[in-house]
Amino acid sequence: MLEYIISKYNFWVYIILLLIGLYAMVGKKNLVKKLIGMNIFQSAVILFYVSIGVKKGGATVPIFLGDAHAAHGHGHAIIEVASYINPLPHVLMLTAIVVSIATTGVALAVLILIFRRYKTLELDEIIKIRKDTGV
Amino acid sequence: MKVLAILIIVLTGGLLIYGVEDMPDWGDSNSPASSHVSPKYIKEALEKTATPNIVTAVLADYRGYDTMGETVVIFTAGIGCIIMLRKKRKGEGD
(Lines give C-alpha, C1' and ligand atoms only; values in the text may rest on other atoms or scores of the structure.)
Protein backbone atom coordinates (compact mmCIF):
# COMPACT_ATOMS: atom_id res chain seq x y z
CA MET A 1 0.00 0.00 0.00
CA LEU A 2 2.75 2.45 1.00
CA GLU A 3 4.75 1.38 -2.03
CA TYR A 4 1.75 2.08 -4.24
CA ILE A 5 1.41 5.57 -2.79
CA ILE A 6 5.12 6.33 -3.19
CA SER A 7 5.37 4.94 -6.74
CA LYS A 8 2.70 7.37 -7.93
CA TYR A 9 3.40 10.28 -5.61
CA ASN A 10 3.42 12.88 -8.37
CA PHE A 11 -0.26 12.25 -9.06
CA TRP A 12 -1.27 12.88 -5.44
CA VAL A 13 0.43 16.26 -5.49
CA TYR A 14 -1.33 17.27 -8.69
CA ILE A 15 -4.70 16.04 -7.44
CA ILE A 16 -4.34 18.28 -4.38
CA LEU A 17 -3.27 21.24 -6.53
CA LEU A 18 -6.12 20.66 -8.98
CA LEU A 19 -8.69 20.43 -6.20
CA ILE A 20 -7.42 23.69 -4.68
CA GLY A 21 -7.92 25.36 -8.05
CA LEU A 22 -11.34 23.78 -8.53
CA TYR A 23 -12.47 24.86 -5.07
CA ALA A 24 -11.36 28.42 -5.75
CA MET A 25 -13.28 28.41 -9.03
CA VAL A 26 -16.48 26.95 -7.59
CA GLY A 27 -16.57 28.07 -3.96
CA LYS A 28 -15.19 31.63 -3.97
CA LYS A 29 -17.39 34.62 -4.72
CA ASN A 30 -14.71 37.12 -5.77
CA LEU A 31 -14.09 36.99 -9.51
CA VAL A 32 -10.35 37.62 -9.19
CA LYS A 33 -10.10 34.68 -6.81
CA LYS A 34 -11.95 32.57 -9.34
CA LEU A 35 -9.41 33.60 -11.97
CA ILE A 36 -6.50 32.73 -9.69
CA GLY A 37 -8.16 29.37 -9.08
CA MET A 38 -8.29 28.80 -12.83
CA ASN A 39 -4.56 29.54 -13.04
CA ILE A 40 -3.81 27.08 -10.24
CA PHE A 41 -5.91 24.47 -12.07
CA GLN A 42 -3.97 25.05 -15.27
CA SER A 43 -0.66 24.83 -13.40
CA ALA A 44 -1.73 21.48 -11.97
CA VAL A 45 -2.51 20.13 -15.43
CA ILE A 46 0.77 21.47 -16.85
CA LEU A 47 2.84 19.94 -14.04
CA PHE A 48 0.94 16.66 -14.47
CA TYR A 49 1.83 16.49 -18.15
CA VAL A 50 5.47 17.37 -17.57
CA SER A 51 5.74 14.66 -14.92
CA ILE A 52 4.39 12.14 -17.44
CA GLY A 53 7.47 12.72 -19.59
CA VAL A 54 9.98 11.80 -16.87
CA LYS A 55 12.14 8.71 -17.42
CA LYS A 56 14.13 7.24 -14.56
CA GLY A 57 17.63 5.90 -15.03
CA GLY A 58 19.93 8.61 -16.38
CA ALA A 59 17.70 10.17 -19.03
CA THR A 60 18.60 13.79 -19.78
CA VAL A 61 16.88 16.74 -21.44
CA PRO A 62 15.96 16.07 -25.09
CA ILE A 63 18.75 18.13 -26.65
CA PHE A 64 21.56 16.61 -28.70
CA LEU A 65 24.93 18.06 -27.82
CA GLY A 66 27.74 18.76 -30.24
CA ASP A 67 29.03 15.20 -30.63
CA ALA A 68 25.65 13.86 -31.64
CA HIS A 69 25.41 16.53 -34.30
CA ALA A 70 28.86 15.65 -35.60
CA ALA A 71 27.87 11.99 -35.77
CA HIS A 72 24.84 12.99 -37.78
CA GLY A 73 27.14 14.32 -40.46
CA HIS A 74 28.60 10.84 -40.97
CA GLY A 75 25.18 9.26 -40.89
CA HIS A 76 26.04 6.79 -38.11
CA ALA A 77 24.27 8.34 -35.15
CA ILE A 78 22.98 5.73 -32.74
CA ILE A 79 20.41 7.40 -30.54
CA GLU A 80 19.24 5.59 -27.42
CA VAL A 81 15.60 6.37 -26.78
CA ALA A 82 15.97 5.62 -23.08
CA SER A 83 18.67 8.27 -22.60
CA TYR A 84 16.40 11.22 -23.49
CA ILE A 85 13.20 12.11 -21.66
CA ASN A 86 9.92 12.23 -23.54
CA PRO A 87 9.82 15.54 -25.48
CA LEU A 88 6.15 15.36 -26.41
CA PRO A 89 4.56 16.53 -23.10
CA HIS A 90 6.98 19.47 -23.03
CA VAL A 91 5.90 20.55 -26.50
CA LEU A 92 2.22 20.24 -25.65
CA MET A 93 2.64 22.16 -22.40
CA LEU A 94 4.56 24.93 -24.14
CA THR A 95 1.39 25.43 -26.18
CA ALA A 96 -0.80 25.12 -23.08
CA ILE A 97 1.20 27.77 -21.20
CA VAL A 98 0.77 30.20 -24.08
CA VAL A 99 -2.97 29.52 -24.25
CA SER A 100 -3.29 29.94 -20.47
CA ILE A 101 -1.55 33.33 -20.68
CA ALA A 102 -3.98 34.36 -23.43
CA THR A 103 -7.05 33.27 -21.47
CA THR A 104 -5.77 35.04 -18.34
CA GLY A 105 -5.28 38.25 -20.28
CA VAL A 106 -8.74 38.16 -21.81
CA ALA A 107 -10.27 37.31 -18.43
CA LEU A 108 -8.53 40.27 -16.79
CA ALA A 109 -9.82 42.56 -19.54
CA VAL A 110 -13.35 41.27 -18.94
CA LEU A 111 -12.90 41.86 -15.19
CA ILE A 112 -11.90 45.46 -15.87
CA LEU A 113 -15.12 45.95 -17.88
CA ILE A 114 -17.21 44.34 -15.14
CA PHE A 115 -15.63 46.58 -12.52
CA ARG A 116 -16.25 49.68 -14.61
CA ARG A 117 -19.95 48.88 -14.88
CA TYR A 118 -20.77 47.52 -11.41
CA LYS A 119 -17.97 49.04 -9.24
CA THR A 120 -17.49 45.67 -7.59
CA LEU A 121 -16.05 42.23 -8.34
CA GLU A 122 -18.08 40.22 -5.81
CA LEU A 123 -20.37 37.84 -7.66
CA ASP A 124 -23.33 38.02 -5.22
CA GLU A 125 -23.26 41.84 -5.24
CA ILE A 126 -23.24 41.88 -9.04
CA ILE A 127 -26.21 39.48 -9.14
CA LYS A 128 -28.04 41.67 -6.60
CA ILE A 129 -27.40 44.85 -8.64
CA ARG A 130 -28.61 43.13 -11.79
CA LYS A 131 -31.80 42.01 -10.04
CA ASP A 132 -32.48 45.45 -8.55
CA THR A 133 -31.99 47.34 -11.79
CA GLY A 134 -33.71 44.66 -13.85
CA VAL A 135 -30.94 44.50 -16.46
CA MET B 1 -22.98 27.33 -1.75
CA LYS B 2 -19.97 26.26 0.31
CA VAL B 3 -21.54 22.85 0.91
CA LEU B 4 -22.14 22.38 -2.81
CA ALA B 5 -18.55 23.40 -3.56
CA ILE B 6 -17.13 20.95 -1.04
CA LEU B 7 -19.40 18.23 -2.42
CA ILE B 8 -18.08 18.86 -5.93
CA ILE B 9 -14.49 18.81 -4.62
CA VAL B 10 -15.00 15.49 -2.81
CA LEU B 11 -16.66 13.90 -5.86
CA THR B 12 -13.95 15.08 -8.26
CA GLY B 13 -11.18 14.11 -5.86
CA GLY B 14 -12.65 10.64 -5.44
CA LEU B 15 -12.85 10.16 -9.19
CA LEU B 16 -9.26 11.37 -9.67
CA ILE B 17 -7.91 9.12 -6.91
CA TYR B 18 -9.81 6.21 -8.43
CA GLY B 19 -8.31 7.02 -11.83
CA VAL B 20 -4.71 7.13 -10.57
CA GLU B 21 -4.79 3.35 -10.24
CA ASP B 22 -4.48 3.01 -14.03
CA MET B 23 -1.70 5.57 -14.42
CA PRO B 24 1.93 4.49 -14.93
CA ASP B 25 4.46 4.79 -12.12
CA TRP B 26 6.59 7.89 -11.80
CA GLY B 27 9.60 7.75 -14.14
CA ASP B 28 8.41 4.65 -15.96
CA SER B 29 10.17 4.67 -19.34
CA ASN B 30 7.64 2.22 -20.83
CA SER B 31 4.60 4.31 -20.01
CA PRO B 32 2.02 4.78 -22.80
CA ALA B 33 2.94 8.45 -23.14
CA SER B 34 6.54 7.62 -24.07
CA SER B 35 6.06 4.46 -26.10
CA HIS B 36 4.09 5.29 -29.23
CA VAL B 37 5.17 8.37 -31.17
CA SER B 38 7.75 9.80 -28.79
CA PRO B 39 10.55 7.24 -29.57
CA LYS B 40 10.08 8.03 -33.23
CA TYR B 41 10.58 11.73 -32.55
CA ILE B 42 13.72 11.07 -30.50
CA LYS B 43 15.22 8.77 -33.14
CA GLU B 44 14.35 10.72 -36.25
CA ALA B 45 14.33 14.37 -35.16
CA LEU B 46 18.04 15.05 -35.73
CA GLU B 47 18.17 13.24 -39.03
CA LYS B 48 14.98 14.67 -40.51
CA THR B 49 14.97 18.21 -39.19
CA ALA B 50 18.68 18.86 -38.38
CA THR B 51 17.61 20.50 -35.12
CA PRO B 52 19.55 19.48 -32.00
CA ASN B 53 16.68 20.39 -29.68
CA ILE B 54 13.93 17.80 -30.04
CA VAL B 55 11.34 20.01 -28.38
CA THR B 56 11.94 22.71 -30.99
CA ALA B 57 11.88 20.15 -33.79
CA VAL B 58 8.51 18.78 -32.69
CA LEU B 59 7.05 22.20 -31.91
CA ALA B 60 7.97 23.96 -35.13
CA ASP B 61 8.36 21.10 -37.58
CA TYR B 62 6.33 17.98 -36.80
CA ARG B 63 3.50 19.94 -35.18
CA GLY B 64 3.82 23.22 -37.00
CA TYR B 65 0.09 23.53 -37.56
CA ASP B 66 -0.45 23.29 -33.81
CA THR B 67 1.94 26.18 -33.29
CA MET B 68 0.22 28.15 -36.02
CA GLY B 69 -3.10 27.65 -34.24
CA GLU B 70 -1.44 28.79 -31.03
CA THR B 71 -0.38 32.04 -32.67
CA VAL B 72 -3.97 32.46 -33.90
CA VAL B 73 -5.12 32.08 -30.28
CA ILE B 74 -2.67 34.73 -29.13
CA PHE B 75 -3.71 37.04 -31.98
CA THR B 76 -7.39 36.61 -31.14
CA ALA B 77 -6.74 37.26 -27.45
CA GLY B 78 -4.80 40.42 -28.25
CA ILE B 79 -7.50 41.70 -30.60
CA GLY B 80 -10.15 40.91 -27.98
CA CYS B 81 -8.27 42.80 -25.28
CA ILE B 82 -7.82 45.81 -27.57
CA ILE B 83 -11.52 45.86 -28.51
CA MET B 84 -12.61 45.57 -24.89
CA LEU B 85 -10.22 48.08 -23.36
CA ARG B 86 -9.93 50.83 -25.98
CA LYS B 87 -11.22 54.29 -25.26
CA LYS B 88 -14.64 54.87 -26.78
CA ARG B 89 -14.99 57.83 -29.14
CA LYS B 90 -17.60 60.49 -28.37
CA GLY B 91 -21.15 59.42 -29.20
CA GLU B 92 -20.25 55.77 -29.68
CA GLY B 93 -21.99 53.05 -27.71
CA ASP B 94 -22.62 53.28 -23.97
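Helices are DSSP runs of H or I with at least four residues, strands are runs of E with at least two, and both are numbered from the N terminus. The legends below apply these terms to a predicted model.

Figure 1. Chain A comprises six helices and zero strands, and its elements follow the order α-α-α-α-α-α from the N terminus on. Along the principal axes, the C-alpha atoms of chain A occupy a box of roughly 75 × 45 × 15 Å. The radius of gyration of chain A is 23 Å, whereas a compact globule of 135 residues would have a value near 14 Å. Buried residues amount to 17% of the 135 residues of chain A. Among contacts in chain A with a separation of 6 or more, 61% join residues 24 or more positions apart.

**Figure 2. Overall fold of chain B.** Chain B contains four helices and zero strands, arranged along the sequence in the pattern α-α-α-α. The C-alpha trace of chain B spans about 65 × 50 × 15 Å along its principal axes. Of the 94 residues in chain B, 12% are buried.

**Figure 3. Confidence of the prediction.** The model has an ipTM of 0.84 and a pTM of 0.85. The mean pLDDT of chain A is 87, with 90% of its residues at 70 or more. For chain B the mean pLDDT is 88, and 95% of its residues reach 70 or more. Within chain A, helix 3 has the highest confidence, at a mean of 94, and helix 4 the lowest, at 54.

**Figure 4. The side of chain A that touches chain B.** Contacts between the two chains involve 46 residues of chain A and 41 residues of chain B. The elements of chain A that contribute two or more residues to this side are helix 2 (9–27), helix 3 (31–52), helix 4 (66–74) and helix 5 (88–118). Helix 5 of chain A supplies the largest share, 15 residues. Divided by class, the side of chain A that touches chain B holds 31 nonpolar, twelve polar and three charged residues.

**Figure 5. Packing of helix 3 against helix 5 in chain A.** The axes of helix 3 and helix 5 of chain A come within 10 Å and cross at roughly 180 degrees. Angles over 145 degrees count as roughly antiparallel, and helix 3 and helix 5 of chain A are therefore roughly antiparallel to each other. On the helix 3 side of chain A, the contact includes Leu31(A), Val32(A), Leu35(A), Asn39(A), Gln42(A), Ile46(A) and Tyr49(A). Among the residues they meet in helix 5 of chain A are Pro89(A), His90(A), Leu92(A), Met93(A), Ala96(A), Ser100(A), Thr104(A), Leu111(A) and Ile114(A). The residues of the contact of helix 3 with helix 5 of chain A comprise 15 nonpolar, five polar and no charged.

Figure 6. Lys119(A) belongs to the loop between helix 5 and helix 6 (123–133) of chain A. Most residues other than glycine have a negative phi. A residue with 12 or fewer other C-beta atoms within 10 Å of its own is exposed; Lys119(A) has 10 and is therefore exposed.

**Figure 7. Ala50(B), a residue of chain B with positive phi.** The loop between helix 2 (38–49) and helix 3 (54–62) of chain B holds Ala50(B). Ala50(B) is a residue other than glycine, yet its phi is positive, near 55 degrees. Ala50(B) counts as exposed because it has 11 C-beta neighbours inside 10 Å.

**Figure 8. Val3(B) and its separation from Thr51(B).** Val3(B) is located in helix 1 (residues 2–20) of chain B. Because 8 C-beta neighbours lie inside 10 Å, Val3(B) counts as exposed. Val3(B) and Thr51(B) lie 48 residues apart in sequence, and the C-alpha to C-alpha distance between them is 53 Å.

Definitions and conventions:
Residues numbered from 1 in each chain as written. Chains lettered and ligands numbered in written order. Predicted model: local features only at pLDDT ≥ 70, side-chain atom pairs only at ≥ 80, totals over all residues. Contact = placed C-beta atoms within 7 Å. Nonpolar A, V, L, I, M, F, W, Y, C, P; charged D, E, K, R; others polar. pLDDT = per-residue confidence, 0-100. Axes fitted to C-alpha atoms, helices over the stretch in contact; angles between N-to-C directions. Parallel < 35°, antiparallel > 145°, perpendicular 65-115°, else oblique. Buried ≥ 20, exposed ≤ 12 C-beta atoms within 10 Å, placed from the backbone. Rg over C-alpha atoms; globule rule 2.2 N^0.38 Å.
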